[in-house]
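Reader: I am new to this structure. Please take me through its features one by one, with the general idea before the case where there is one.

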Amino acid sequence: MDRPLLARAVDAAMDRSLVLGYTTIGLAVRRALPGWPPDPLPRSLEGRHVLVTGASSGLGVATVEGLADLGATVHMLVRDEAKGAGVADRIRAAHPGVELRLWRCDVADLDDVRRFASDFAREVPELHAVVHNAGVMPPERTESPQGHELSMAVHVLGPVVMTEALRGPLAGGRVVLVSSGGMYGQPLRADDPEYTTGDYSPTTSYARSKRWQVELRPLLAERWHADGITVAVMHPGWADTPGVQESLPTFRRITRPVLRDDAQGADTSVWLAAVQPAPPTGRFWHDRVERPTHLLPTTRTSDDDRARAWTWLLAVTDLDEVGRSPA
C-alpha cells in the first residue's frame, strides 16, 4: 500500500527530529497515518525456524515473543545459559504453546560462533531467518578472545561469521541486523576498526560498530544473494532496554517518559523477519519504512572507505574460508 504524500512528509519530519521519530510518539503517530505497512498475517511463521541472538533480555526477549506469537519455532541464542533458561520458562508461561529452543554461544568469540553454527546446522536444516540482536557497550576498551575490540566483535564480526556459516540452512531466508540510531553521529572509521587510537568512549565505540553494520549491508546483501538470502538492517529507536539503563543513565532519566518499551523497539525486527513478501534486500529500516543512512555530510562514506572496510572484514574473519556455499 503506497503512503499518501502528506503521510510521508509527516513521517520524514519526525524522523529528522529524532525526539519525535525515535520515541513512543513517533511509533504511535506513524501507526495512525494512512499507509502504515500491515502486520504479518496471524500464524504466518507456522512451521518455520527463526534464530534470535541476545535473546535473554530487552529487545531480544520481545523479538522472541513476537516471532513465537506468529507461530515460529524460535531458537534463543544466549551467552548465559542459566539466565536464558529462566527467560524461556517465563515466555512459555506467558505464551502457552510457543515453541522455543535454547542455545549457548558467545557471539564475540569467533571460534565459539563457528562451533555453534556447525552444531545448529546439523540439527536445523532449514532456517527462515536470523535476527542478530546481541549487543554490548563495555565501559572500557575490551577485547574478544581473538583480540578484536568487543563492540566490533559482537555487532559485526560475530554476526557475519555466523551468517556465513549458516548459509546452507538459511538459503532463501532472511538476515536482520539490529543497528542503532546512534550510528548517524559517526562516520565509517575504516582506518581504525578496532578503536586503537584516541580516548575510548563506550558510546562512540557502540555507534561506530553500528555504522559498520549499515555501511556493509549492500556488500553483505550482494555476497549472500546467490543463496537467496535477503539482508535488512534496522534501528529500533529509543527503547528502555537494559543497555540504556546500565550504560546511559542520564539519557534515560531525561527521556524515560517517552522511551519505547521492548515490544515497540522490536516491532520492525519482527516485521522484517515475518512479512510476506520479503522486503527488498540491502535496505536500512526504522518503523517499517526504509530510511536514509546519513543525516550529516560529515558521516558520508566514500567507496574507497567502504572497500577498505570490506577488505579488513574479509581478512580478520577468513570469510572466504567459512561457510562457503558449494559451487
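Reader: Where does P277 lie?

Author: This is a predicted model. In it, P277 lies in the loop between α12 (262-274) and β7 (283-286). The peptide bond from Q276 to P277 is cis, and its omega is near -10 degrees.

Reader: How is a pair of aromatic rings described?

Author: Such a pair is described by the distance of the centres and the angle of the planes.

Reader: How many aromatic pairs does the count come to?

Author: The count comes to nine aromatic pairs. One of them joins F116 and F120: the ring centres are 5.5 Å apart and the planes stand at 45 degrees, so this pair is tilted.

Reader: Where do F116 and F120 lie, and how far apart in the chain?

Author: Both belong to helix α6 (residues 110-123), and they are four residues apart, about one turn of the helix. F116 and F120 are both buried.

Reader: What kind of aromatic pair do W238 and F251 form?

Author: W238 and F251 form an edge-to-face pair, with 5.2 Å centre to centre and 90 degrees between the planes. This pair links distant parts of the chain. W238 is in the loop between β6 (230-234) and α10 (242-247), while F251 is in helix α11 (residues 249-255), and the two are 13 residues apart.

Reader: Which residues do ring pairs link into a cluster with W238?

Author: Ring pairs link W238 with Y22 and F251 into a cluster.

Reader: What does F251 count as, given its relative accessibility?

Author: F251 has 27% relative accessibility, so this residue counts as partly exposed.

Reader: What sits over the ring of Y195?

Author: The charged end of R208 does, at 4.0 Å from the centre of the ring. Y195 itself lies in the loop between β5 (174-178) and α9. Although Y195 is not a glycine, this residue has a positive phi of about 55 degrees.

Reader: Is Y195 buried or exposed?

Author: Y195 is buried, at a relative accessible area of 6%.

Reader: Which other residue has a positive phi although it is not a glycine?

Author: D318 has a positive phi of about 50 degrees and is not a glycine. D318 is placed in the segment after α13. With a relative accessible area of 44%, D318 is partly exposed.

Reader: How are two packed helices described?

Author: They are described by the angle between their axes and the distance between the axes. Here, helix α9 (residues 202-224) packs with helix α13 (residues 303-317) at an angle of about 70 degrees, and the axes are 10 Å apart. Angles of 65 to 115 degrees count as roughly perpendicular, and α9 and α13 are therefore roughly perpendicular to each other.

Reader: Which residues make the contact?

Author: From α9 come W212, E215, L216, L219, L220 and R223. From α13 come R306, A309, W310, W312, L313 and L314. The residues of this contact divide into nine nonpolar, three charged and no polar.

Reader: What does E164 count as, and where does it lie?

Author: E164 lies in helix α7 (residues 150-165). Its relative accessibility is 0%, so E164 counts as buried.

Reader: How far apart are E164 and A108?

Author: E164 and A108 are 56 residues apart in sequence, and in space they are 15 Å apart, C-alpha to C-alpha.

Conventions. Residues numbered from 1 in each chain as written. Predicted model: local features only at pLDDT ≥ 70, side-chain atom pairs only at ≥ 80, totals over all residues. Heavy atoms only, no water. Phe/Tyr/Trp six-rings, centres within 6.5 Å; stacked < 30°, edge-to-face > 60°. Buried < 20%, exposed > 50% of the residue type's maximum accessible area, 1.4 Å probe, protein only. Lys NZ or Arg CZ within 6 Å of the ring centre and 35° of its normal. Axes fitted to C-alpha atoms, helices over the stretch in contact; angles between N-to-C directions. Parallel < 35°, antiparallel > 145°, perpendicular 65-115°, else oblique. Contact = heavy atoms within 4.5 Å. Nonpolar A, V, L, I, M, F, W, Y, C, P; charged D, E, K, R; others polar.
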